[in-house]
Amino acid sequence: MAITAADVNKLRQETGAGMMDCKKALTEADGDFEKAKEILRKQGQKIADKRADNATAEGIVLAHVSPDGTTGKVIALACETEPVSKVADFQNLAMAIMSTAVASDVTDKATLLATPQADGRALQDHITDLMGKIGEKIDVASFETVSADKVVSYIHSNGKLGVLVGLNNTNGTDVTEVGKDIAMQIAAMKPVALDKDGVDATIVQREIEIGKEQARQEGKPEAMLEKIAMGKLNKFYKDNTLLNQEFVKDTSLTISQLLEKTSKGLTVSAFKRVAIG
């Protein structure tokens, strides 16, 4: 059957796909709109499969904190190139993903991607559809949730880095500003854990071995290597665990001391740092 411009435009309005893609899909489907939509979806899946191993170093990070300030969510939607990250369809998809995360209150990526949208199809299907339209890999690179007495979020000016900080034992104190300061500290200083107890055992062992080898290369006696390595490990904790880091805005304080100075007993219960690229 003859495919009219009106038919092509109607399919384009319903799917968001390009004019030529819509015309090809309708031609292949003999004018059947539902079949044409399925063809376009398969096209998106083909691109997804073909580009599965491609690097995604561009994109956008969004954060949302609940109105009562006790729950925060952060997502990173990644793509291959910067121009795509600026496209309205891509940014609208990121906002739709965040809206889904907030409305469904899911806490893990797999469940988020499987969450049905208004049309009954999973969120991942809509991501795949946009891959077919744009022609490059799109991926929810990260999805994190933090809950606490007070959650504060921070998005860096480049839009590709976001932080959530959970603060407990606020005791009625407004901790928004100190929360922002700590979030910016996390963005800049990249702590690996809250304190030494939260550092992964494999990282601890790696740092000990590095410390031993450095001391060995410096000609230190074998009997001294363990002690020297433990000293280096303590330095690692000071530089790389949030509560032990020096506060970048006032190096006379550690983050732990800053919290205590702000409100007695105030603690950071959790943090998440999400970055693209």
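This is a predicted model: local features need pLDDT of at least 70, side-chain atom pairs count only at pLDDT 80 or more; totals for chains, interfaces and linings use all residues.
**Entry 1: Gln117**

Setting aside neighbours within four places in sequence, I found glutamine 117 in contact with Thr100, Ala122, Leu123 and His126. I then looked up where the residue sits. Glutamine 117 belongs to the loop between α6 (109-114) and α7 (123-134).

A polar atom of the glutamine 117 side chain lies 3.2 Å from the backbone oxygen of threonine 115.

Buried or exposed, I asked of glutamine 117? The relative accessible area is 19%, so I logged glutamine 117 as buried. The cut-off for buried is under 20%.

**Entry 2: Glu207**

I moved on to glutamate 207, which lies in helix α9 (residues 201-217). I noted this residue as buried too, because its relative accessible area is 16% and the class takes values under 20%. Again I left aside neighbours within four places in sequence. On that basis glutamate 207 is in contact with Leu233 and Phe236.

**Entry 3: Domain layout**

The protein chain splits into domain 1 (5-51), domain 2 (58-193 + 269-275) and domain 3 (196-260). Domain 2 is written as two segments, 58-193 and 269-275. Eleven residues from domain 2 and 14 residues from domain 3 make the contact.

**Entry 4: Buried area**

I wanted a size for this interface. Accessible area lost when parts come together is often the figure given. Domain 2 and domain 3 bury about 1,100 Å² between them. Of that area, 68% is on carbon and sulfur atoms.

For polar contacts, the count between domain 2 and domain 3 is six residue pairs, with both residues at pLDDT 80 or more.

Then I asked which helix gives the most to the side of domain 2 that touches domain 3. Helix α8 (residues 176-189) does, with six residues. By class, I recorded nine nonpolar, one polar and one charged residues on that side of domain 2.

Conventions
Residues are numbered from 1 along each chain as its sequence is written. Side-chain values use heavy atoms; hydrogens and water are left out. Domain bounds come from an automatic or database domain assignment. Contact means heavy atoms within 4.5 Å. Buried area is the accessible area (1.4 Å probe) that two parts lose on being put together, summed over both. A polar contact is a pair of N or O atoms within 3.5 Å; within protein, one must be able to donate a hydrogen and the other to accept it, and residues adjacent in sequence count only if both atoms are side-chain atoms. Helices (H or I, at least four residues) and strands (E, at least two) are DSSP runs, numbered from the N terminus. Ala, Val, Leu, Ile, Met, Phe, Trp, Tyr, Cys and Pro count as nonpolar, Asp, Glu, Lys and Arg as charged, and the others, Gly among them, as polar. Buried means under 20% relative accessible area, exposed over 50%, partly exposed in between (1.4 Å probe, protein chains only).
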